[in-house]
Amino acid sequence: MTTTPPAAFGVGSATARPGEITYGDLPVLDLPSGGQERLPVIIAQGRADGPTLWLTANIHGAELTGLPVIHRLLTADLAAQLRGTIIALPSLNPAGLRTADRLPYYSHTDPNRLWPTRHPERAADAPPPSPYEQIVERVFAQFARRADFVIDLHNAAIRTLPFTIVDRVLYRGEGDRARAVALGERLSGLASAFGLSVVREAVAERYVTQVLHRSVTGSIVNVLGVPAITVELGMTGAVDPGAVEAGIAGVHNALRWAGMLPGDPAPITACPIVDPGYATKRDDTARARVAGIVTQELQPGAPFSAGQTLATSVDLWGRPLPDSAIVAPADGWLIGWSNGLAKYAGQVVAALAVRDDAPLVAAYPGE
Ligand SMILES: [Zn+2]
């Protein structure tokens with residue numbers, strides 16, 4: 001194995017040093033009140049050269065589990081064993097972290113839908129970038145300098161199993177297809193090595209109409225062309241210790257997969273893992289049929305068959321409401337329940353993983 005020392009580099013005020021953990025910050029936005037929004041940067045660099053992993057978290061300010069995962073993972077002991085470099089940004093949204101909100105207080109758009117796309121949508125006469133778009137420009141430029149793979153840590157609802165989301169891989173024209181297929185294989189390899197249950201994003205058309213290609217990982221996969229996974233570590237707004245353990249174990253597995261730590265990926269035991277034996281995609285069609293109180297009939301992680309009743313609704317007195325059965329649209333398994341029981345007609349009640357027969361790799365819709 002090569003023992004070439006890694007090349008010197010820095011991110012913001014953090015400078016990588018072989019065999020050490022170093023700290024700094026990256027100025028990303030000038031504040032009207034003076035000073036700057038700065039993202040914390042932690043670099044763990046091994047003594048031998050190798051790949052670069054970006055580990056990011058908290059783009060949704062109330063999603064907290066990534067913080068203890070990163071804080072506990074990046075130790076001097078890890079840096080001593082590491083081949084290559086981990087660059088961690090524990091909060092991509094310090095404003096949302098301060099106010100415990102999903103969005104930063106200076107943006108009304110989901111910050112995880114503002115990342116670059118290969119289809120530039122900004123016309124010459126468009127308004128200048130919004131505050132969070134200015135942050136995106138500065139952070140994405142750092143990703144573009146050096147990234148071999150990326151893990152972005154999130155949280156979902158209170159009663160959800162930890163799981164990994166895999167973006168669709170889009171190509172432009174037949175000449176680009178082989179590249180995308182190879183990237184899709186590497187991306188699937190990373191997701192499977194991480195060790196949590198794996199669920200793909202929606203099929204290509206819906207993936208783009210829902211602007212998921214402009215998430216952190218969607219943009220990294222489809223603009224930079226490197227593997228990136230979104231990892232959902234249980235509940236938002238609080239921290240489940242089991243999900244922290246699962247997150248740390250998963251990142252260790254990803255480092256082994258990349259050859260940055262010795263050994264092979266190991267099974268995660270801190271939370272249940274579901275593998276139905278076929279590919280699944282995220283589905284949000286489990287919605288209240290009528291206004292009422294939802295009665296949940298399955299546990300997170302449970303398998304279901306197409307047409308099976310997942311939940312029904314009762315009134316506030318507990319009396320069953322007619323025509324309230326919410327049924328599974330396809331075979332799959334229950335990722336988890338949306339928070340709350342009182343739902344208006346049409347509101348999402350559950351996150352489902354349903355059978356996906358479409359290829360992971362697809363042409364850009366409309367091309
Ligand atoms: Zn999130």
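Colleague: What volume does the largest pocket have?
Modeller: This is a predicted model, in which local features need pLDDT of at least 70 and side-chain atom pairs count only at pLDDT 80 or more, while totals for chains, interfaces and linings use all residues. Residues are numbered from 1 along each chain as its sequence is written, and side-chain values use heavy atoms, with hydrogens and water left out. A pocket is an open set of points on a 1 Å grid over the protein atoms alone, where a 1.4 Å probe fits, with protein on both sides within 12 Å along at least five of seven lines; points are joined across faces, edges and corners, and a volume is the space filled by probe spheres set on them. For the largest pocket this comes to about 920 Å³.

Colleague: Which residues lie nearest the centre of the largest pocket?
Modeller: Lining residues are those with an atom within 4 Å of a point. The largest pocket has 37 of them. Nearest its centre lie Arg 113, Glu 232, Arg 282, Asp 284 and Ala 351.

Colleague: Which strands each supply at least two residues of that lining?
Modeller: Strands (E, at least two residues) and helices (H or I, at least four) are DSSP runs numbered from the N terminus. The strands in question are β7 (149–156), β9 (163–166), β12 (228–235), β13 (280–283), β18 (332–337) and β20 (350–355).

Colleague: Why is the largest pocket said to lie between two domains?
Modeller: Domain bounds come from an automatic or database domain assignment. The largest pocket lies between the two domains because both give residues to its lining: domain 1 (10–257) and domain 2 (280–355).

Colleague: How many residues of each class are in the lining of the largest pocket?
Modeller: Ala, Val, Leu, Ile, Met, Phe, Trp, Tyr, Cys and Pro count as nonpolar, Asp, Glu, Lys and Arg as charged, and the others, Gly among them, as polar. On that scheme the lining has 13 nonpolar, twelve polar and twelve charged residues.

Colleague: Which element gives the most to the lining of the second largest pocket?
Modeller: The second largest pocket has a volume of about 300 Å³. Its lining holds 19 residues, with Ser 192, Ser 197, Val 198, Asp 275 and Tyr 278 nearest the centre. Two elements give two or more residues to this lining, α5 (177–194) and β11 (197–200). With four residues, the one that gives the most is β11.

Colleague: Which residues are the protein donors of the zinc ion?
Modeller: Donors are N, O and S atoms within 2.8 Å of the metal (3.2 Å for Na, K and Ca), and sites may look incomplete, as water is not among the atoms. The donor atoms lie 2.0 to 2.6 Å from the zinc ion, and their spacing along the chain is H-x2-E-x90-H. His 60, in the loop between β5 (48–57) and α1 (66–73), and His 154, in strand β7, are 94 residues apart. The donors are His 60 (ND1), Glu 63 with two OE atoms, and His 154 (ND1).

Colleague: Why is the arrangement around the zinc ion classed as it is?
Modeller: Four donors count as tetrahedral if all angles lie between 85 and 135 degrees; four count as square planar, and six as octahedral, if opposite donors are over 155 degrees apart and all others between 65 and 115; anything else is irregular. The four donor atoms subtend angles of 55 to 153 degrees, so the arrangement is irregular.

Colleague: Are His 60 and His 154 buried or exposed?
Modeller: Buried means under 20% relative accessible area, exposed over 50%, and partly exposed in between (1.4 Å probe, protein chains only). Both His 60 and His 154 are buried.

Colleague: What is the phi of Asn 58?
Modeller: Most residues other than glycine have a negative phi. Asn 58 sits in the loop between β5 and α1, and is buried with a relative accessible area of 0%. Although not a glycine, Asn 58 has a positive phi, about 65 degrees.

Colleague: Is Ala 100 buried or exposed?
Modeller: Ala 100 is in the loop between α3 (94–99) and α4 (131–145). Ala 100 also has a positive phi, near 60 degrees. Its relative accessibility is 53%, so Ala 100 counts as exposed.
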